[in-house]
Amino acid sequence: MTRRPKVTVLGSLNMDISVTVPRLPGPGATVLGSAARFTPGGKGANQAVAAARLGAHVRMAGCVGDDDFGRQLLAALRAEGINTDAVRVVAGAPTGLALIAVDAQGENLITVAPGANHQVGSPDVAAAGAADRDILVISAEIPAQAISQALAQAGSCVFNLAPAPETSATARALLAAGGTHLDWLVVNESEAAAVLGRPVRGLSDAQRAAAELITAGPRHAVVTAGAPGAALASAVGPDGAEVIEGFRVLAVDTVGAGDTFVGALAVALAAGLPAPDATRAAAAAGAAAVTRHGAQTAMPRPADILAATGVTWPVA
């Protein structure tokens, strides 16, 4: 690779408020936890940080409020070397917030108040498409209309359909908006279930789901299944889906692991790696992320991936 990949991310920016608890609370329950931690987050911003730490030139597009949280989020992105010229500051709207509980096994429960992320629209889609890029990354914490407009643009694209839409019809409509432009769809088990309208549980189910998702339009589909690994299906390859085995690591916090996977995948693809190699590299990055607390604070650099998984990051 003689130059750094260029990645543009269109997505959400949130301030994460995280609390570690002995167990995730059920309905009506109160659980006492640790002191709250305030850290930069949002699926879009997380993916941007992951890509920047793994060697890409990154440009972020989205919206924040004209408040202290918004200013802190922009400062955090700039500290990572991310171009924030396409992040719009919305007067009168609060910056997005995510309330996160993490249990002793590293599993999490997240509630998001979107705030200014709900204001992402045509101007922001246009801003995302205005600069030279190798690949565009889109996640689903922004309005569906903006997602559809962005997916309709020409150029290589990774669409992370997360969080899952409330109905299968909404999920399928978003995929249809991508048409022939949608190179990659990345979902976890619950998000795959939202598209397919049936449960998806475990790696073997993820294999079947990835193969089925290809029929919805994307040229490549990845279904992540947590620690066991992920399944990759390609419309241009052999029938069915192949398994990308997971990496054995000590997980302390799974917040941000999926976003790390997506950002890493975008960098690897923009650098020209074949689909299976790019997916395996992304899985290694995601595994490294769960070994530390937080979302952006846990996003790995190449040395972190090597230390956690033994995998050498393939993008120089």
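Which residues in α4 meet which residues in α5? Select A144, I147, S148 and L151 in α4, then L174, A177 and G178 in α5; contact here means heavy atoms within 4.5 Å.

The model is predicted, so local features need pLDDT of at least 70 and side-chain atom pairs pLDDT 80 or more, while totals for chains, interfaces and linings use all residues. Residues are numbered from 1 along each chain as its sequence is written, and side-chain values use heavy atoms, without hydrogens and water.

Stay on this pair. Helix α4 covers residues 144-151 and helix α5 residues 168-178 (helices are DSSP runs of H or I, at least four residues, numbered from the N terminus). Their axes lie 7 Å apart at an angle of about 30° (lines fitted to C-alpha atoms over the stretch in contact, with angles from 0 to 180 degrees between N-to-C directions). The two helices are therefore roughly parallel (under 35 degrees).

Show S168, A171, R172 and L175 of α5 against A193, A194 and V195 of α6 to see the contact.

Now select V7, V58 and W313. Of the 55 residues in the largest nonpolar core, these touch the most other members. Such a core is a set of buried Ala, Val, Leu, Ile, Met, Phe, Trp, Tyr and Cys residues joined through side-chain atoms within 4.5 Å; buried means under 20% relative accessible area with a 1.4 Å probe, protein chains only. Apart from this core lies another, of 44 residues, including L136, L151, L175 and A241.

Key: Buried means under 20% relative accessible area, exposed over 50%, partly exposed in between (1.4 Å probe, protein chains only). Angles under 35 degrees count as roughly parallel, over 145 as roughly antiparallel, 65 to 115 as roughly perpendicular and the rest as oblique.
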